[in-house]
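Hi,

Here is the structure I promised to pass on. Have a look at it first, and then read my notes below.

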Amino acid sequence: MIMIDTHLHLEMREFDPDREAVVQRAREAGIGLITVGIDLESSARAVELAHEHKIYAAVGVHPHEARRYAADLERALARLEELARAERVVALGEIGLDYYRNYSPREAQLELFRAQLKLAAKLNKPVIVHDRQADDDILAALEGAGVRGVVHSFSSGLEEAEALLGLGFYLGFSGPVTFPKARQRYVIKRVPLARLLLETDAPFLTPLPHRGRRNEPAYLRYIAREVAKLTGLPREKVAEQTTRNAAALFALPPG
Ligand code: NI
């Protein structure tokens, strides 16, 4: 069964001891990978890893990191554009807004998010969006931005889901769909399979039955299994359609 983990952070230090084996286990499980940067350094590393392991990369600056680049945004964007033009880079991400942790001031987050959306539109690349308690500003920024993309590890409610679907966006689901009380379990039943992507967000958000330990892309199978259970569809159908969705959104070559 072929699947695509559309969002993980393979460059993070949690994978330093056994990165090679993690990629190998994913490969054996038939899982393709899109590794996602969170700042300029990790994005450059994501591009390297994509070449090294014949996987795919996304490059972008996460809202948590916005304050670091606020003083010289032009220069950061120039470097990001250079990275985004590299081979095997299939998206701008992860970009977005996080009003839950607020590690960077909201104005800095917004300015950076809008600038990266503009870059994505210019390069005709899809975006991988992080939204934590920032629904209204996310929607306002995406409306009319002229980009396609996914809101990853979707954690908002039904209203936000419907608004994003209306904008042509995909929704990414990860480990929390396996958690008994997660809102995602309710929302996912109302998302058409044609707009759904699977992801691990590894090393974070480990699904059951491994919750509490480090996550890795091979665990995508637990997420697929739960999505099949929740939607009442055969697991093969979930795997096949979500893979097709990822291939379409990220313009992945066949195979
Ligand atoms: Ni992430």
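**What I found**

Leu 198 touches Met 3, Ile 4, Asp 5, Thr 6, Phe 173, Leu 220, Ile 223, Ala 224, Val 227, Val 238 and Thr 242, leaving out residues up to four places away in sequence; a contact here means heavy atoms within 4.5 Å. Before you go further: this is a predicted model, where local features need pLDDT of at least 70 and side-chain atom pairs count only at pLDDT 80 or more, while totals for chains, interfaces and linings use all residues. Residues are numbered from 1 along each chain as its sequence is written, and side-chain values use heavy atoms, with hydrogens and water left out.

**The core**

Leu 198 is also among the residues with the most contacts inside the largest nonpolar core, along with Phe 113, Val 127, Leu 171 and Phe 173. That core has 73 residues. By nonpolar core I mean a set of buried Ala, Val, Leu, Ile, Met, Phe, Trp, Tyr and Cys residues joined through side-chain atoms within 4.5 Å. Buried is under 20% relative accessible area, exposed is over 50%, and partly exposed is in between (1.4 Å probe, protein chains only). Helix H5 (residues 106-123) gives the largest share of this core, nine residues; helices (H or I, at least four residues) and strands (E, at least two) are DSSP runs, numbered from the N terminus. Apart from this core lies another, of 15 residues, including Ile 4 and Val 150.

**The nickel ion**

Which residues hold the protein donors of the nickel ion? They are His 7 (NE2), His 9 (NE2), Glu 94 (OE) and Asp 201 (OD), lying 2.1 to 2.3 Å from the ion. Donors are N, O and S atoms within 2.8 Å of the metal (3.2 Å for Na, K and Ca); water is not among the atoms, so sites may look incomplete. The angles among the four donor atoms run from 76 to 166 degrees, and the site is irregular. Four donors count as tetrahedral if all angles lie between 85 and 135 degrees; four count as square planar and six as octahedral if opposite donors are over 155 degrees apart and all others between 65 and 115; anything else is irregular.

Along the chain, the donors follow the spacing H-x1-H-x84-E-x106-D. His 9, in the loop between strand E1 (3-8) and helix H1 (19-28), and Asp 201, in the loop between strand E8 (196-198) and helix H9 (220-231), are 192 residues apart and link distant parts of the chain. Both His 9 and Asp 201 are buried.

**Other spots to look at**

Leu 208 to Pro 209 is a cis peptide bond too, with omega near 5 degrees; Pro 209 lies in the loop between E8 and H9.

Pro 63 is in the loop between strand E3 (56-59) and helix H3 (66-69). Pro 63 counts as buried because its relative accessibility is 1%. Beyond its neighbours within four places in sequence, Pro 63 has contacts that include Ile 95, Gly 96 and His 130.

Lys 54, in the loop between helix H2 (40-53) and E3, has a positive phi of about 55 degrees although it is not a glycine. Lys 54 is exposed, with a relative accessible area of 60%.

Enjoy exploring!
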